[in-house]
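I opened my notebook to go through this model one feature at a time. These are the entries I kept.

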Amino acid sequence: MARGRHSQLSLVIPKHDVIAVMTGVLRDNEFYSVSGLIDDISGAVKSDTALPADPIAKALLAAAIRQAATEKPSAVAGTPELAKAVSGKVYRFDDNALHVKNFTLNFLESDSSWVITTYPGKTDRNPGRFTGLVGLDGVFRKSPPAPYGINAARGRWINERTFAMERRILGRGEIQTWMLAFDGDKVTVNFENTDGFKAELRGEVSD
C-alpha cells in the first residue's frame, strides 16, 4: 500500500488479485477508513475465476474513461474594458501569508499570462518567480515545464471589476483560486486552495 497527500491511495490485495487506486482530492482534515475500504473491496469479490466477457460493458467503460479524460470548459462571460487598463501592470503587496510580492496579468489576444514574484525566504536571498499561461475560453492552458512542475491555469471575469483565476500544478492535488477585485490603482486578492487555506491580500500598482 502507498498513501499520498489528499488521501490518494494505491492498494494491492494479493489474496484477491486486486489492485485499487484512489485519486482525487480530499482536504488535509478529511479522510476515509483504509481498513473499511479494504473490507468493502474484499467483500465485493464473489468468485476466484474471471468474469465472462462482456463487450457491451467494456465499450461503456471505454466511453466513460474517454469522457472523464476530456476537459469540459467552464462558463465564461465577456471581457470588460478594465482588462486593457490592468493588463501588464505590476501590483505590489506588503508582506503577507502567501509571501506574494508582485502580481501581474497580461491580457492578450492569444497566450494571455500571469506572473507572480514572492519575497525571499529565510534561506533564499533571491525572490521567487512563477509564471504561466492562462486560458480565457474556459479551458486550462499548460505552461512550459518549470523546476517546480507544469502550471495549468484558466480565468474568467466574474463581473466588470473581478477576475477569477484557477491554477494548479500538474501532478499535485492542490487547486488554487485567485479572486482579484480591482479598484482604481488598488487590488484585493482573495486566495483559497483545496486544503481549505484562505488569505486576503491588498495591493496597489507599483510605481
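**Ground rules.** I am working with a predicted model, where local features need pLDDT of at least 70, side-chain atom pairs count only at pLDDT 80 or more, and totals for chains, interfaces and linings use all residues. I number residues from 1 along each chain as its sequence is written, and side-chain values use heavy atoms, with hydrogens and water left out.

**The sheet.** I looked up the strand order first. Strands are DSSP runs of E with at least two residues, helices are runs of H or I with at least four, and both are numbered from the N terminus. I count two strands as paired if DSSP finds at least two bridges between them. I found 10 strands in an open sheet, ordered β7-β6-β5-β4-β13-β12-β11-β10-β9-β8, with antiparallel pairing. Which strands are at the edges? They are β7 (128–133) and β8 (141–142), each pairing on one side only.

**β11 and β12.** I checked one pair inside the order. Strand β11 (residues 175–183) runs antiparallel to strand β12 (residues 186–193), and 8 bridges join them. Leu180 stands opposite Val189 of β12.

**β4 and its partners.** I went on to strand β4 (residues 90–93). It pairs with strand β5 (residues 100–106) in the antiparallel sense, over 3 bridges. Arg92 has Asn102 of β5 as its bridge partner. Strand β13 (residues 198–205) is also antiparallel to β4, again joined by 3 bridges. There, Phe93 stands opposite Gly203.

**Two faces of β4.** Which residues of β4 are on the covered face? I noted Tyr91 and Phe93 there, with Val90 and Arg92 on the uncovered face. For burial I use relative accessible area: buried is under 20%, exposed is over 50%, and partly exposed is in between (1.4 Å probe, protein chains only). Tyr91 has 4%, so I list Tyr91 as buried. I then listed what Tyr91 touches, taking contact as heavy atoms within 4.5 Å. Leaving aside neighbours within four places in sequence, the contacts of Tyr91 include Val86, Phe103, Phe182, Val187 and Val205. I also took one distance: Tyr91 and Asn106 are 15 residues apart in sequence and 12 Å apart in space, C-alpha to C-alpha.

**Salt bridges.** Side chains of opposite charge can pair when their charged atoms come close. My rule is a side-chain nitrogen of Lys or Arg within 4 Å of a carboxyl oxygen of Asp or Glu. I count 9 salt bridges by this rule. One of them joins Asp94 to Arg92, at 3.9 Å from N to O. Asp94 is exposed at 56% relative accessibility. Arg92 is partly exposed at 32%.

I turned to Glu166 next. Glu166 bridges to Arg154, with the closest N and O atoms 3.2 Å apart. This pair links distant parts of the chain: Glu166 is in strand β10 (residues 162–169) and Arg154 in strand β9 (residues 151–157), 12 residues apart. Is Arg154 buried or exposed? At 15% relative accessibility, Arg154 counts as buried. Glu166 also bridges to Arg168, at 3.7 Å between the closest N and O atoms. Arg168 is partly exposed at 28%. I end with a network of salt bridges that links Glu71, Arg154, Glu166 and Arg168.

**Positive phi.** Asp17 has phi near 60°. Asp17 belongs to the loop between β2 (8–13) and β3, and is exposed at 73%. His99 has phi near 60° too. His99 sits in the hairpin of β4 and β5, which has 6 residues between the strands. At 45%, His99 is partly exposed.

**Helix α2.** I tested the length of α2 (residues 55–69). The expected span is 1.5 Å times one less than the number of residues. For its 15 residues this should give 21 Å, and the end C-alpha atoms are 21 Å apart, which agrees. The number of buried residues in α2 is 0, so this helix lies largely in the open.

**A nonpolar patch.** My last entry is a surface patch of about 310 Å², made by Val12, Ile19 and Val21. Patch residues have over 30% relative accessible area and no salt bridge; like charges are joined within 9 Å, and nonpolar side chains (Val, Leu, Ile, Met, Phe, Trp, Tyr) within 5 Å. Areas come from the Shrake-Rupley method with a 1.4 Å probe, and for residues only the protein chains shown count as cover. Val21 is in strand β3 (residues 18–22) and is exposed at 54%.
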